[in-house]
Amino acid sequence: MNIWIAIGVTAVGCYAVKLAGLLVPAGVLERPLVKRLAALLPVALLAALTAQQTFADGRALVLDARAAGVAAAAVALFLRAPFLLVVAAAVVVTAGVRAVGG
């Protein structure tokens, strides 16, 4: 039963956040600071999530095949490769390091 309570609270919370977003006056959304935050916040959150998923294992900092894959993707991005090639480079390097390392 606790699971259903958590699901219900989460659904109500999500609806409340959406409703709050709709109730914000248009003048607030047109401010330069708000526009800049709206443009940069998703990038910052994605970068933080990527770093946490790549370099953390529980409470420990690790450098393993995932870090090599991210490094390969960074090199491909630096060379201005298409997105699918960036992803493919990361996958191939990560798989190769895992195959060599066991």
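Visitor: What does arginine 66 count as, at 24% relative accessibility?
Guide: Arginine 66 counts as partly exposed, because the buried class ends under 20% and the exposed class starts over 50%. Keep in mind that this is a predicted model.

Visitor: Which residue does arginine 66 form a salt bridge with?
Guide: Aspartate 64 is the partner, and the closest N and O atoms of the pair are 3.3 Å apart. Side chains of opposite charge can pair when their charged atoms come close.

Visitor: And what does aspartate 64 count as?
Guide: Aspartate 64 has 34% relative accessibility, so this residue also counts as partly exposed.

Visitor: How many salt bridges does the structure hold?
Guide: There are two. Glutamate 30 and lysine 35 form a salt bridge, again with 3.3 Å between the closest N and O atoms. Glutamate 30 is exposed, with a relative accessible area of 52%. Lysine 35, at 46%, is partly exposed.

Visitor: New topic. Why does the span of helix H4 agree with its 14 residues?
Guide: Helix H4 runs over residues 65-78, and at 1.5 Å a residue it should span 20 Å. The C-alpha atoms at its ends are 20 Å apart, so the two values agree.

Visitor: Which residues of H4 are buried?
Guide: The buried residues are Ala65, Ala67, Gly69, Ala72, Ala73 and Ala76.

Visitor: What do they pack against?
Guide: They pack against two helices, H3 (32-55) and H5 (83-101).

Visitor: Which residues make up the largest nonpolar core?
Guide: That core has five residues, namely Ala73, Ala76, Ala81, Val86 and Ala90. Alanine 90 is in contact with Gly69 and Ala73, leaving aside neighbours within four places in sequence.

Visitor: Staying with H5, is threonine 94 buried or exposed?
Guide: Threonine 94, which is in helix H5, counts as buried at 14% relative accessibility. If residues up to four places away in sequence are not counted, threonine 94 touches Ala65, Arg66 and Gly69.

Visitor: What comes just after H4?
Guide: Arginine 80 does, with a positive phi of about 60 degrees. This arginine is found in the loop between H4 and H5.

Visitor: Why mention the phi?
Guide: Most residues other than glycine have a negative phi. Arginine 80 has a positive one, near 60 degrees, and is not glycine.

Visitor: Is arginine 80 buried or exposed?
Guide: Arginine 80 counts as exposed, with 75% relative accessibility.

Visitor: On to the surface. Which residues form the nonpolar patch?
Guide: Met1, Ile3, Trp4, Ile5, Ile7 and Val9 form the patch, and together they have about 750 Å² of accessible area.

Visitor: Where does methionine 1 lie?
Guide: Methionine 1 lies in the segment before helix H1 (2-23). With a relative accessible area of 74%, methionine 1 is exposed.

Visitor: Last one. What does valine 34 touch?
Guide: Not counting residues up to four places away in sequence, valine 34 touches Val28 and Leu29. Valine 34 lies in helix H3 and is partly exposed, with a relative accessible area of 27%.

Visitor: How many Å separate the C-alpha atoms of valine 34 and alanine 71?
Guide: The separation is 33 Å, for two residues that are 37 residues apart along the chain.

Methods. Residues are numbered from 1 along each chain as its sequence is written. This is a predicted model: local features need pLDDT of at least 70, side-chain atom pairs count only at pLDDT 80 or more; totals for chains, interfaces and linings use all residues. Side-chain values use heavy atoms; hydrogens and water are left out. Helices (H or I, at least four residues) and strands (E, at least two) are DSSP runs, numbered from the N terminus. The expected span of a helix is 1.5 Å times one less than its number of residues. Buried means under 20% relative accessible area, exposed over 50%, partly exposed in between (1.4 Å probe, protein chains only). Contact means heavy atoms within 4.5 Å. A salt bridge is a side-chain nitrogen of Lys or Arg within 4 Å of a carboxyl oxygen of Asp or Glu. Patches are made of residues with over 30% relative accessible area and no salt bridge: like charges are joined within 9 Å, nonpolar side chains (Val, Leu, Ile, Met, Phe, Trp, Tyr) within 5 Å. Accessible areas come from the Shrake-Rupley method with a 1.4 Å probe; for residues, only the protein chains shown count as cover. A nonpolar core is a set of buried Ala, Val, Leu, Ile, Met, Phe, Trp, Tyr and Cys residues joined through side-chain atoms within 4.5 Å.
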